[in-house]
Amino acid sequence: MLSYDDVVAAREHVEQVAVRTPLNRSFSFSELTGADVHLKLENTQRTGAFKIRGAMNRIAALTDDERERGVVTASAGNHAQGVALAATRAGVDSTIVMPKYAPVSKVEATRRYGGNVVLDGIDYDEAQTRAHEIEREEDRVYVHAFEDERVMAGQGTIGLEIAEQCPEVDTVVVPIGGGGLISGVATAVKGALDDVRVVGVQAAGADSAARSVAAGERVELGGVDTVADGIAVREVGEHTFPYIRERVDRVVTVDDEAIAEALTLLLERSKTVVEGAGAVALAAVLEETFEYEDGETIVPALCGGNIDMNTLITVILRGLVRMGRYLKVSLELKDRPGELERVAGIIAREDANVYALSHDRTSRDIAVDAADLEIELETHGDEHAARVVAALEEAGYDVEVEA
């Protein structure tokens, strides 16, 4: 069984490359939640995520024969970069299998760190199948993203840092994919501190751990669907699940809308860029998916910041929609002079700002003497957005809210 001493021993190898990431109190999120929120900024880690910690500890344990054979792994992106960098530094050849639709930024970064990237499968699990084939075909050493106690111990060094940086912590909130990170962190913080609670968070579209805890046995999902690609696995690990059951106090889920809002708020309030998986812990606090007291000291682990720019744009937009800050509507106008000006006047009187509009007379779905108008608006919140829609409807327009 993974022990606190194993995590402490891992630190020597981890610190050769990984940095001690900041833990900052957030006045904004403390005010929003009523808790005392401190953010563990693992998105500032080398390679942009915590995975370099476990990779360094695992690569350091390779024998001379294993170094000569080279390593192979599967990853949606962050473990890929960690293994590529750790292996390159150790002079070990690495092959990394990533899903075909992995973010381009993560694929290119893995190549820059020296990994030989193979794109295969639609998700992590299919990529892992191909990686095991390469393991057998080329006699390589497989470096698992989470089913390895040395990897877990390396990830657990985050917990050592949290205990040192915030010894008054009451609750540590940690993302769960396969379970390696939370297994290590829970082992570390509970070994270092008394009376600390560990809460695990999954994306609702990849909630194998939550279902497994509820069922008392591992549950495999038929597929995964979430913006948090870094924790999108179909089944929690066989070796990590016992640690989750024994050392994690609760496992909760958040949907993609909550993740998008947390990610957007981190950008706006903390000037902090995270990926979907990096936002889930804070999303769970904001959504109050578990009970906490006023003033309770909570540390959400922001586990990674490697988000593709196109994905970031989409997620921010979804976050603004959820916050009532972006409104997209369509309505039908009579095709006559002054009608567009009338609509613009209503919007102006309601103090909404037009981002963009599209005016189409050619659609087959509208009358010959009409035009379809689509408007993107900046609004100040849900109540303001509702007032804009109500004002247009009171003026006689049939308004369809698209976002």
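Two strands pair if DSSP finds at least two bridges between them. In this predicted model, the bridge partner of Val-97 is Val-118, a residue of strand 5.

- Strand 4 and strand 5 are joined in the parallel sense over four bridges.
- Strands of a sheet pair through backbone hydrogen bonds, either parallel or antiparallel.

**Helix 6 and its two sides**
- Helix 6 spans residues 104-112, and its buried residues are Lys-106, Val-107, Ala-109 and Thr-110.
- These four sit on the same side of helix 6, because they cover an arc of only 165 degrees around the axis.
- Val-104 and Arg-112, on the other side of helix 6, are exposed.
- What do the buried residues of helix 6 pack against? Their partners are helix 5 (78-90), strand 4 (94-98) and strand 5 (116-119).
- Gly-114 follows helix 6 and has a positive phi, near 105 degrees.

**Thr-171 in strand 7**
- Thr-171 belongs to strand 7, which covers residues 171-175.
- Is Thr-171 buried or exposed? Its relative accessible area is 0%, so Thr-171 is buried, the cut-off being under 20%.
- Its side chain makes a polar contact with the side chain of Glu-296, at 2.5 Å.
- Leaving aside neighbours within four places in sequence, the contacts of Thr-171 include Arg-197, Val-199 and Phe-290.
- Glu-296, Thr-297, Ile-298 and Val-299 are also among the contacts of Thr-171.

- Most residues other than glycine have a negative phi.
- Asp-139 is not a glycine, yet its phi is positive, about 55 degrees.
- Asp-139 lies in the loop between helix 7 (124-138) and strand 6.
- With a relative accessible area of 44%, Asp-139 is partly exposed.
- Glu-288 is another residue other than glycine with a positive phi, near 55 degrees.
- Where is Glu-288 found? Its place is the loop between helix 13 (276-286) and strand 10 (297-302).
- Glu-288 has 55% relative accessibility, so it counts as exposed; the cut-off for exposed is over 50%.

Definitions and conventions. Residues are numbered from 1 along each chain as its sequence is written. This is a predicted model: local features need pLDDT of at least 70, side-chain atom pairs count only at pLDDT 80 or more; totals for chains, interfaces and linings use all residues. Side-chain values use heavy atoms; hydrogens and water are left out. Buried means under 20% relative accessible area, exposed over 50%, partly exposed in between (1.4 Å probe, protein chains only). The arc is that of the directions from the helix axis to the C-beta atoms. Contact means heavy atoms within 4.5 Å. A polar contact is a pair of N or O atoms within 3.5 Å; within protein, one must be able to donate a hydrogen and the other to accept it, and residues adjacent in sequence count only if both atoms are side-chain atoms.
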